[in-house]
Each structure stands twice: as structure tokens, then as C-alpha cells.
Amino acid sequence: MTDIPVLVVGGAGYIGSHTCLKLSQSGFLPVVYDNLSNGHDEFVRWGPLVVGDIRDRARLDEVLQHYAPVAIIHFAALIEVGESVKDPVSFYENNVIGSLTLLSAAQAAGIDAIVFSSTCATYGLPELVPMDESHPQAPINPYGRTKWVVEQALKDYDSYTELRSVTLRYFNAAGADFEGRIGEWHTPETHAIPLAIEAALGRRAKFEVFGSDYDTRDGTCVRDYVHVIDLADAHVRSVEYLLDGGTSLALNLGTGTGTTVNELLETISTVSGQSFPVSFSARRQGDSPVLVANNDMAQEVLGWQPQFSLEEIARSAWRWHTSQNMSG
């Protein structure tokens, strides 16, 4: 039996590549479409790679006609919050115009099932914790706003066209494939777990904590870390849900458990067997004290439940980073 094709846009990136692994294990053929600006061609191991940009309508039409996917998973986005403040135009051009171009190509090709990679950044500052899907959406930076704009478009497409979608709002993606084949590789790296591991490996002089005076149990920010393999599983379940005729909705993806920065550093130190220098700086503008997901709806609709603990996240990430010599 031939594997069922699914177009994975941005599938050479971190979460995209892990989702391709999971799709392959579930009877699908992941066809990766990526411009490789942030992705890595060596991460494309479970299906074909087509190099292309989501703003290139002619290229999208050609690929959709050739592979005839039953669904699209859309990961292709610029994601660095700090960069979005410095260069909002690039974020709107890629994340908004690119997404609308992709949706038009999907409609023209008769594809009515889209899984969209969104973010808890669409909520903005938390009014209640844990946050559920009914939490007001008031993003506080251009990155979050571009994702929010695409979410609004998807609602209108659902109401007035045949296009159905599952929007997945991630909390903090973390960890790596347990066999060490793929993992987290961003340039520059801005995520806490890789930065802490780099400090533990001596590749970085220290780990910098921004803010130690928050109203949390130890004064540092609280975040909800969810294993990238668990996220990948939710994407596959979302594709299957839409192919079974499911209606459009938005779902949070997190564990429901918060971890402080200090607790995270302690876990990395335990897993690595290394102590490393930590410095404390002032709070960063726009950082929320606490971001934790209520994931009840994902459990109810998809039967999804995160399987992996913070320690398993740290161990898988440690294995990946210690096996790599990443310089760009």
C-alpha cells in the first residue's frame, strides 16, 4: 500500500522534521516544501524535499499538482520574537502573505484540510493561568500578531469556503528525537534548553536568566515545556481528524505543568552531570511571568496527551546537542 502524501511546508525545520518522522511512522508520505532559510536539508529523511518559498504561487501549484497531497501542514514561518520587532515587514511578508498564498494554492488544488502551526504568543499577556482556548487573544509583538492574523483568515475561510483547519497553539517546544537523528538547530539559538546545554558543554560562557523578581515560586519565569515528539503526534492526529471530516478548531498544545527557569537549569545540570555559570539580568520587555497551557480540549478532540517528562525532554536534547558540532 502506498503511503498517503501530506505536504509539510517548512518540514526541514525543528518541529516540521519531527512531524515528518511521525507521519512516516503513521502511514503517510511527508512531502517537504521548504526554502531552507531556517531548515536543514539533512533533516529531510522520510520523504522527498522540494525547495521552494511559500510566496511562490507558481511553484506551489506545480508541487500540489505533482504530489496531490490529501492535506497540508503549515510550519513555514519566521519565529524569532526579537527579530519581529526589528523587522516586522519580513514577518508580515513571510508569515501573512506567504500563508495566504499557500491557502489560495490549496483551494485551487481542491485541498480542504490544513493544519496550522500557531503559538501561545497570540494570547499575549496571560489574564488567567493555565490558559485555555477561550483566553482573549491580544498579541504583544509582530510575531504573535502575524500568527493571529492567519488564525483570523482561517476562521473566515472556514465560514465562507470549504477549507477546514486545525490551528495548534504551541507553548514551549523542546527536546529531540530519542534516536538522535534530528533535533533543535536554530541560528542564532534563542531557546532556553539549547542555551543551557551549550553552557553545560562549555560552548557558551554562561546561561543568562532575565528576571529573578517575578511573582513565581522562585522569582524566575514559568514556562510549559512540551516534547517535540508529543507535538509531532498532535499534528498527525490533527491530519487524521480532518481527513475523518472534523470541523475547524484551535487547540493548545502544552503539558499543563509549569517549570521555572531555575528548575529547568537544575534539570539540565542533573541530566548532564555538569554545573555551569549562570548570571541574572533585568527582566526582558514583553516576557510573561507565567505561561502554562490548559490542554483539555486537545485531549478531548484528538485523544492527545503528552507522554514525556521534563527530564526526558532534557535527556533527548542533551543526546542531540552532545552528538553535534553545529556552527551555523
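Trainee: In this predicted model, how are helix α4 (residues 88-108) and helix α5 (residues 142-160) arranged, and at what angle do they pack?

Mentor: Helices α4 and α5 pack at an angle of about 20°, and their axes are 9 Å apart.

Trainee: What makes α4 roughly parallel to α5?

Mentor: Angles under 35 degrees count as roughly parallel. The angle here is about 20°, and α4 is therefore roughly parallel to α5. The crossing of the two helices is right-handed.

Trainee: Which residues of α4 and α5 meet?

Mentor: On the α4 side they include P88, F91, Y92, V96, L100 and L103. On the α5 side, P142, Y143, V149, V150, L154 and Y157 are among them. The residues of this contact divide into 13 nonpolar, five polar and one charged.

Trainee: How do you know whether S84 is buried or exposed?

Mentor: Buried means under 20% relative accessible area. S84 has a relative accessible area of 0%, so S84 is buried. This residue belongs to helix α3 (residues 81-86). Leaving aside neighbours within four places in sequence, S84 is in contact with F91, N141, P142 and Y143.

Trainee: What is the order of the strands in the open sheet, and how do they pair?

Mentor: The seven strands of the open sheet follow the order β3-β2-β1-β4-β5-β6-β11, and the pairing is parallel.

Trainee: Why do β3 (49-51) and β11 (249-253) stand at the edges?

Mentor: Each of β3 and β11 has a single partner strand, so one side of each is left without a neighbour in the sheet. Neighbouring strands of this sheet are turned against each other by 20° on average, direction ignored.

Trainee: What makes β4 (residues 71-74) and β5 (residues 113-119) a pair of strands?

Mentor: Two strands pair if there are at least two bridges between them. Three bridges join β4 to β5, and the two strands run parallel. In β5, F116 is the bridge partner of H74.

Trainee: Which strands do α1 (residues 14-25) and α5 lie across?

Mentor: Helix α1 lies across β1 (4-9), β2 (28-34), β4 and β6 (164-170), and runs at about 160° to β2. Helix α5 lies across β5 and β6, at about 155° to β5.

Trainee: Why are α1 and α7 called oblique to each other?

Mentor: Angles under 35 degrees count as roughly parallel, over 145 as roughly antiparallel and 65 to 115 as roughly perpendicular, with the rest oblique. The axes of α1 and helix α7 (residues 228-243) cross at roughly 60° and come within 8 Å. The two helices are therefore oblique to each other. Their crossing is right-handed. Among the residues that meet are Y14, I15 and L21 in α1, and V228, L231 and V236 in α7. By class, this contact has nine nonpolar, three polar and two charged residues.

Trainee: What makes the backbone at L36, A68 and P130 worth noting?

Mentor: Most residues other than glycine have a negative phi, and most peptide bonds are trans. Phi is near 65° at L36 and near 45° at A68, a positive value in each case. The peptide bond joining V129 and P130 is cis, with omega about -5°. P130 is in the loop between β5 and α5.

How values were computed. Residues are numbered from 1 along each chain as its sequence is written. This is a predicted model: local features need pLDDT of at least 70, side-chain atom pairs count only at pLDDT 80 or more; totals for chains, interfaces and linings use all residues. Side-chain values use heavy atoms; hydrogens and water are left out. Axes are lines fitted to C-alpha atoms, for helices over the stretch in contact, and angles run from 0 to 180 degrees between N-to-C directions. Helices (H or I, at least four residues) and strands (E, at least two) are DSSP runs, numbered from the N terminus. A crossing is left-handed if the near helix is turned anticlockwise from the far one by less than a right angle, and right-handed if clockwise. Contact means heavy atoms within 4.5 Å. Ala, Val, Leu, Ile, Met, Phe, Trp, Tyr, Cys and Pro count as nonpolar, Asp, Glu, Lys and Arg as charged, and the others, Gly among them, as polar. Buried means under 20% relative accessible area, exposed over 50%, partly exposed in between (1.4 Å probe, protein chains only).
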